[in-house]
Amino acid sequence: MNKKYRTLLFGAIISITSLLTGCFEFVEKIDLQNNGSGAITATLNMSKSKTKVASLMKLSSFGSFKIPSETTVKAEMEELATTLKNTKGISNVKYTLDFKNYIATLSCNFAHIEALNEFSKALSKKTKVSITSYNSYSFNPSAGVFKRNYTYTSDMGKEFGKLSNDDQQLFNDAIYTNITRFEKSIKTQQHNQAKVSEDKKTSLLRVKAIDLLRNKANLTNNISLIN
Amino acid sequence: MHIKKYIFSTLAIFAAYCSYGQDLINRVPKEAKIVAVINHDAIVKNSSLEMLNRAFVKLGLFEALANEKNIHTESITDLPIALDRSSYIYYAQTDSINYTGILIPLKKNHNIADVLFKDYESFVGLKGYESKHSPDQKTNVAWNHNMLFVMTSEIEKKFFENPDNAARYGIEVQDDYVSMYEELFEEAPAVSDSSDEDSWEYNEEEENENFEWETDSLEDFDLESDSTAIALEDYDWDDYDLSDLETDYATISTTNDSLQNSLLKKWSTDNFPLFLEPAHNNAKNKGLKNFNRKNTLVHFWMTDLDAFYKKSLPADVINLRFGLQTNEFTTGYTDLTLSLTQKANQLRVESSLGIDRDIEKMLKDVFKSKVNRKFAHYVPDDHLGYFSINMNTEAYLKSLPKFIERWYAPLIAQYKEPLSIAAIATDVLFDEKAIANLANGDFVFFVNDVKKVQTEYIDYEYDENYDYTEVTKTKEEYIPSFLSMFTSKDQRIYKKIADYSVHKDELEFIDGIYKLNIKDAGLAMYLLFKDDIVFLGSELEQLTAIRDNSFKSKSGHSILKEVNGNSFTAVAHAEKIPETFKKLGIPIVKSFEKNFEELSHFGALKTEVGAIKKGRIESAISFDLPKKENSAIRYILNKILSSQDGMIETLF
């Protein structure tokens with residue numbers, strides 16, 4: 001892995017998202033069938049910072065960071081979708097880009113959840129950032145156990161640490177939400193901050209982006225289903 | 001009679017001695033084109049010796065002196081420099097040599113011989129001075145009881161490019177390496193001429209079609225019938241030994257360099273006394289003398305700006321790239337002075353640019369203008385900053401043909417005649433007065449304090465089973481706002497365009513104010529025509545107050561006075577920046593946080609360009625530093641003293 005590239009990438013992500021005063025939400029929704037197939041939808045909602053995003057998009061760069069144009073964003077998204085389409089086990093890839101409210105959505109079906117790990121590998125190869133080293137999924141249909149493994153990456157934390165204390169606090173409003181829905185009811189789940197829905201079939205985990213960046217929150221979760 | 005002559009001569013010699021002993025300006029030769037004056041007295045009096053010493057220690061200057069010159073001290077008072085007088089550094093040009101001279105005032109009973117120039121060789125110079133030169137003889141120094149003079153020189157490159165000069169001194173004028181290389185291959189076989197019938201020309205249509213090779217292999221090419229291939233194959237390349245070419249070039253260059261060095265040494269030494277006690281000096285040069293001795297820390301003067309421009313611009317490159325002939329171009333600028341001054345906690349750079357009579361005639365009326373008095377009623381008190389332009393549109397349009405002839409035509413000599421015709425055409429066709437009625441030439445733009453607005457955004461609401469739906473919510477945000485205004489005595493065309501835009505649903509017209517929605521950003525701009533002023537702003541409340549004659553302004557008249565004295569003014573209130581950034585949520589990098597917070601103790605950063613007076617354009621940039629030190633230079637020294645070492649290394 002190219003450490004300098006990864007550091008630069010994280011630095012750019014931190015700095016650009018901090019320009020949005022941290023007001024954004026990332027929602028990841030997984031619908032998992034009993035046989036291990038399902039669908040995933042990832043949504044990045046920057047609507048709360050849309051005034052700033054709109055202003056930033058009119059610039060070609062901010063400081064040392066290049067601001068992508070609408071055309072570039074569309075092209076990058078198209079490329080991402082193509083990579084996803086070419087991943088074995090993935091189908092029905094769709095995406096939307098709302099440049100009025102600044103909401104981006106990417107969704108697909110998967111034959112088995114591990115196909116998402118294949119997608120992460122393909123993306124890692126493309127961007128030379130090892131995503132699979134810190135995020136992966138697995139599901140054992142017969143045992144009814146769903147696992148998500150997450151490992152904190154220190155590079156992101158280092159870049160975050162460069163911001164002033166006041167600016168770090170701006171990330172208080174940035175949220176990461178994971179919703180995992182099953183056909184069977186949930187028996188137990190390991191993560192102490194994750195909640196179970198009334199119908200017992202959905203797990204909801206909401207963490208602040210600031211806690212993820214400071215390694216005070218983790219996304220690792222083991223969910224056991226009632227067989 | 002004889003006694004009188006004797007007395008007068010003695011007095012003259014004594015006066016010359018005294019004048020040479022006092023301000024060293026008498027030793028700045030008339031040939032000097034660029035001169036910098038370092039006013040030690042003002043620097044010391046406006047800071048303090050103790051602070052300067054500590055700052056020099058922090059910057060490592062004393063350490064450098066100890067290491068490089070074996071001078072061990074931690075106080076500038078121990079150095080031989082006279083701190084109550086000024087140093088001069090100048091750059092003088094002759095046709096053959098360029099000189100850099102440094103004049104430093106020395107204290108009584110200085111010991112410079114013990115500490116400096118120990119490896120220099122003494123020579124017999126002017127009586128009354130100790131003279132030495134460097135081992136390569138390109139640097140000469142001389143000192144007496146109260147001053148030190150250092151002079152370095154370099155050959156003026158263009159002098160020996162003149163064949164007559166080169167021949168006189170035995171310098172061999174040679175072409176550059178590329179030309180010599182090309183000469184060597186003059187008799188090489190020519191490649192096919194582009195005028196040949198068989199030659200290929202680029203055809204865009206063909207290029208875009210799928211192209212298929214007609215032959216499948218090189219065997220299909222008939223090399224035997226290709227004349228160029230035969231010629232190249234038969235040619236005896238051993239006739240061309242490039243190493244000979246390189247040797248020749250190097251030998252000529254080395255010989256020339258050696259000759260030029262010898263000449264430089266001789267001329268430097270021979271001319272040194274003429275610069276040590278110049279017969280004609282700059283003592284009466286107003287550009288060099290007229291500055292505030294109490295507050296000016298450093299003063300700079302430069303003459304022959306046109307010659308300087310022409311020398312520094314890469315004329316050949318500009319001509320090749322843009323087709324512009326800079327040799328014919330004259331700016332019309334005569335001389336320039338710059339002064340770094342401080343007055344209490346304000347640091348200021350003042351400049352004065354001399355212009356020739358032609359330019360003064362053309363520009364004087366353009367910048368002889370006053371801003372509309374009514375602007376004073378509409379100055380928002382709580383503004384972050386503003387800028388203004390103050391010129392006479394009618395005079396500018398009338399002068400436009402002259403600008404074209406004077407400045408632009410010489411740059412493109414091949415189009416000089418058509419440009420002249422275009423210049424006259426603009427004079428004939430333009431109704432300058434009618435255009436000036438559209439926009440008088442005055443314009444002011446204020447950046448208001450940030451304003452709170454309600455904006456909508458999309459959020460998600462979750463039910464008990466964590467199914468989510470999109471909902472629209474509102475939030476308060478701060479955005480910067482502005483107000484601008486300019487005078488227009490004939491607003492018909494603006495109103496017509498605005499009304500047409502309303503008809504096309506591009507604008508809304510509500511109670512006398514036009515509104516333009518900027519959809520992507522959720523913002524709006526407002527346009528108002530009132531009396532002879534056109535207002536454009538982003539705060540509806542302000543424009544409504546202007547419309548209703550209820551706009552309050554306390555600072556209007558003082559700002560108008562500031563603006564009226566200048567052709568261009570820009571002001572930013574630095575003390576408001578930190579709070580504004582916080583409200584806007586613009587993040588600051590941690591390492592800069594402390595300095596950024598300190599901006600709230602600063603005052604205004606101001607840029608002013610004055611009108612033209614007596615053939616000069618005056619301008620100034622000033623910055624009000626925090627008042628706690630009572631002196632701008634003390635504040636800067638304190639910053640140096642309290643900063644981390646890493647930052648100093650970064651700066652220096």
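**Entry 1: Asp31(A) and Arg181(A).** I looked up the side chains of Asp31(A) and Arg181(A) and found them joined in a salt bridge, 3.2 Å from N to O. I take a salt bridge to be a side-chain nitrogen of Lys or Arg within 4 Å of a carboxyl oxygen of Asp or Glu. Asp31(A) belongs to strand β1 (residues 25–32) of chain A and Arg181(A) to strand β9 (residues 175–182) of chain A, so the pair ties together parts that are 150 residues apart in sequence. Helices (H or I, at least four residues) and strands (E, at least two) are DSSP runs, numbered from the N terminus.

I then checked the cover of both residues. Arg181(A) is buried at a relative accessible area of 16%, whereas Asp31(A) is partly exposed at 22%. Buried stands for under 20% relative accessible area, exposed for over 50%, and partly exposed for values in between (1.4 Å probe, protein chains only).

**Basis of the entries.** The model is predicted: local features need pLDDT of at least 70 and side-chain atom pairs count only at pLDDT 80 or more, while totals for chains, interfaces and linings use all residues. Residues are numbered from 1 along each chain as its sequence is written, chains are lettered from A and ligands numbered from 1 in the order in which they are written, and side-chain values use heavy atoms, with hydrogens and water left out.

Entry 2: Searching the whole structure, I recorded 26 salt bridges over all chains.

**Entry 3: pairs in chain B.** I found a salt bridge between the side chains of Asp41(B) and Lys45(B), at 3.2 Å from N to O. Both residues lie in helix α2 (residues 40–46) of chain B, four residues apart, about one turn of the helix. Lys45(B) is exposed at 64% relative accessibility, and Asp41(B) is partly exposed at 23%.

I also looked up Lys475(B) and Glu477(B), which form a salt bridge whose closest N and O atoms are 3.4 Å apart. Here Glu477(B) is buried at 6%, and Lys475(B) is buried at 17%.

**Entry 4: a charged patch.** I located a surface patch of negative charge made up of Glu198(A), Asp199(A), Asp463(B) and Glu464(B). Such a patch takes residues with over 30% relative accessible area and no salt bridge, like charges being joined within 9 Å. Asp463(B) sits in the loop between β13 (451–462) and β14 (468–479) of chain B, and is partly exposed at 31%.

Note on methods
Patches are made of residues with over 30% relative accessible area and no salt bridge: like charges are joined within 9 Å, nonpolar side chains (Val, Leu, Ile, Met, Phe, Trp, Tyr) within 5 Å. Accessible areas come from the Shrake-Rupley method with a 1.4 Å probe; for residues, only the protein chains shown count as cover. Lys and Arg count as positive and Asp and Glu as negative; His and the chain ends are not counted. The place of a charge is taken as NZ of Lys, CZ of Arg, CG of Asp or CD of Glu.
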